[in-house]
Amino acid sequence: MDHRHWRFFIMLFITAAIGLVSSLGINYGQIANNLPSQDDAVALVKSIGATKVKLYDADPRVLKAFANTGVELMVGLGNEYLSRMKDPKQAQAWIKANLQPYLPATKITSIFVGNEVLTFNDTSLTSNLLPAMQSVHAALINLGLDKQITVTTTHSLAVLQTSYPPSAGAFRPDLAPCLAPILSFQAKTGSPFLINAYPYFAYKANPKQVPLEYVLFQPNEGMVDPSSNLHYDNMLFAQIDAVYSALDSLGYGKLPVHISETGWPSKGDQDEAGANLENAKKYNGNLIKMAMSSSSSAKKGTPCRPNEDLNIYVFALFNENMKPGPASERNYGLFKPDGTPAYPLGFSLASVPVVAGNNNTGVASTPPQPTSPTSSTGYLSISSASSLERCRLLGRSLSFLVPLVMELLILKF
C-alpha cells in the first residue's frame with residue numbers, strides 16, 4: 001500500500017496543577033472514502049486526551065487498533081440488527097464473533113443497541129428494541145461479560161414532549177409505554193440513559209428567537225427556571241436537566257444521563273443558520289474547556305445535578321464526506337481527513353510529522369445507518385486529557401514523544 005506524508009496538529013490541553021476527572025468521549029464514524037488509517041485515528045484520539053470512543057459498529061480494524069490503549073469503547077448495534085438480536089442465540093453468536101476475540105486487550109465497556117429507535121415512528125423497530133437489549137444482556141451473562149459490558153440504547157431529544165423549563169421536562173405520552181420497561185431494564189442492569197442533544201438544531205430552527213450566546217456557552221443573561229429557581233447560562237445543561245426531570249417523572253430520576261452525541265457543524269447549506277467555522281469553534285472549544293474544568297474535589301455538573309460528573313461524547317472525530325443529508329452532516333468533525341484540525345479550539349497546538357496511510361478505498365468503510373430527521377448520525381467522543389501520549393507511525397514501531405507539558409490556554413472567543 002502506498003503511503004503519503006501528512007501532518008496533523010496534536011492538540012494538548014493538559015495542566016500539571018489540576019487533576020481533571022470529567023471524561024469526554026468522541027464519536028468515531030467512517031462514512032467516508034478519504035479517512036486516515038485506524039491506527040492514525042487512534043493517535044488523534046489519544047492526542048486530544050480522549051479516554052472514551054463511541055463506535056457505530058464493530059469494525060474489526062478499529063477494535064484491533066484500540067487494543068492495549070486503555071481507551072474505553074462503546075460499540076453500536078445498528079437498527080438493522082434488532083430483529084435478529086431478539087434471538088438470544090444470534091445475540092450470543094454476534095458477541096462471540098465480533099467482540100469476544102478482542103477482549104480483554106481492547107477495552108469494550110458498552111453496547112448500544114439501536115440508534116434513536118423510538119423517534120423513527122417505526123412500530124417494528126420499537127417492538128424489537130427491548131427484546132434485543134435483553135437478549136444481548138443475557139448473552140453477556142452467559143459469556144461472563146456482563147460485569148464489564150453494559151447494554152443501553154441512544155435516544156433523540158425528540159423523545160421529550162416538554163423541555164422548557166427544565167423542571168417541567170416530560171417524555172412524549174405515546175412513548176411512555178415503550179420507555180418504562182426499557183428504563184426498568186436499565187435501572188436493574190446499571191446502564192446509563194443516552195441522549196443525543198444538539199443545541200445547534202434549536203438555533204437552526206429559530207435563529208431570531210434563540211440567543212446565539214446561550215447555545216455557544218458564551219457570556220449571557222441566561223434563564224431562570226420559574227419552578228426550581230435554578231439559573232441556566234447554556235442550553236445544553238437545560239436540555240440535560242429536562243431529561244433528568246422526565247426520568248424523575250417516571251420514577252427513574254437516579255438513572256445517570258450521558259450525552260452520547262453533541263456538536264456543531266463548521267459548514268452548512270445556505271438555509272442552515274449558524275453552521276459555520278466560528279460557531280463550531282466556540283461551541284466545541286467552550287464545551288471541552290467546561291467539561292475539563294472539573295476536578296476530583298470540585299465536580300461541575302448541571303444546575304439540577306451539580307455533583308454528577310459530565311459524561312459527554314463530542315460529535316465527531318472526522319468530517320465524513322459520504323454522509324447523506326444537508327452539508328452540515330458532512331462537517332461535524334474536529335479533524336479533517338488529513339489529520340489537521342478543522343478549526344482551532346483555543347488550545348496549544350504542536351505540529352508533529354507522521355507517516356500515514358490513507359484508508360481510501362473509494363467506498364465508505366461503514367454503510368450509512370438510517371437517519372432520524374431530528375438528529376445527526378455520526379460518532380461522538382472527546383475525552384479529558386490524561387497523560388502524555390506517543391503518536392504511532394503506521395507500519396512501524398517508531399513513535400514521537402509529545403512535547404512535555406503544555407499549559408491549557410483559555411481562549412477568549
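This is a predicted model: local features need pLDDT of at least 70, side-chain atom pairs count only at pLDDT 80 or more; totals for chains, interfaces and linings use all residues.
**Entry 1: α5 against α6**

I started with helix α5, residues 123–142, and helix α6, residues 176–189. I wanted to know at what angle their axes cross. I got roughly 15°, and the axes come within 10 Å. Angles under 35 degrees count as roughly parallel, so α5 is roughly parallel to α6. I also noted the hand of this crossing: α5 and α6 cross in a left-handed way.

Next I looked up who touches whom. On the α5 side I wrote down Thr126, Leu129, Leu130, Met133, Gln134 and His137. Their partners in α6 are Cys178, Pro181, Ile182, Phe185, Gln186 and Thr189. How many of these contact residues are nonpolar, polar or charged? I have 7 nonpolar and 5 polar in my list, with no charged residue.

**Entry 2: α4 against α5**

I stayed with α5 and turned to another neighbour, helix α4, which covers residues 88–98. Here the axes are 8 Å apart and the angle is about 60°. Left-handed or right-handed? The crossing of α4 and α5 came out right-handed, whereas the one of α5 and α6 was left-handed.

For the contact, α4 brings Pro88, Ala91, Gln92 and Ile95. From α5 I noted Ser135, Val136, Ala139, Leu140 and Asn142. Sorting the residues of this contact gave me 6 nonpolar, 3 polar and no charged.

**Entry 3: the largest pocket**

Then I went looking for empty space. A probe the size of a water molecule, rolled over the atoms, shows where such space is left. The largest pocket holds about 270 Å³. I found 15 residues lining this pocket, and the closest to its centre are Phe217, Asp233, Asn234, Met290 and Lys300.

Which elements give two or more residues to the lining? I wrote down strand β11 (231–232) and helix α10 (277–292). The one that gives the most is α10, with 3 residues. By type, I sorted the lining into 6 nonpolar, 6 polar and 3 charged residues.

**Entry 4: the second largest pocket**

The second largest pocket has a volume of about 230 Å³. Its lining includes Ser163, Tyr164, Ala202, Gln209, Val210 and Pro211. I also listed Tyr214, Met223, Met235, Ala238 and Gln239 among the lining residues. Which helix supplies the largest share? I found that α9, residues 235–249, does, with 3 residues.

Back in the largest pocket I had counted 3 charged ones.

Last, I checked the backbone. The bond from Leu103 to Pro104 is a cis peptide bond, and its omega is near 0°. I located Pro104 in the loop between α4 and β5, a strand at 107–115.

Where is the other cis bond I noted? Phe315 and Ala316 are joined by it, and omega is about 10° there. I placed Ala316 in the loop between β13 (312–314) and β14 (348–356).

I also flagged Asn121, which has a positive phi, near 55°, although this residue is not glycine. Asn121 sits in the loop between β5 and α5.

Technical notes: Residues are numbered from 1 along each chain as its sequence is written. Side-chain values use heavy atoms; hydrogens and water are left out. Axes are lines fitted to C-alpha atoms, for helices over the stretch in contact, and angles run from 0 to 180 degrees between N-to-C directions. Helices (H or I, at least four residues) and strands (E, at least two) are DSSP runs, numbered from the N terminus. Angles under 35 degrees count as roughly parallel, over 145 as roughly antiparallel, 65 to 115 as roughly perpendicular and the rest as oblique. A crossing is left-handed if the near helix is turned anticlockwise from the far one by less than a right angle, and right-handed if clockwise. Contact means heavy atoms within 4.5 Å. Ala, Val, Leu, Ile, Met, Phe, Trp, Tyr, Cys and Pro count as nonpolar, Asp, Glu, Lys and Arg as charged, and the others, Gly among them, as polar. On a 1 Å grid over the protein atoms alone, a cavity is a set of points where a 1.4 Å probe fits but cannot get out, and a pocket is an open set with protein on both sides within 12 Å along at least five of seven lines; lining residues have an atom within 4 Å of a point. Grid points are joined across faces, edges and corners, and a volume is the space filled by probe spheres set on the points.
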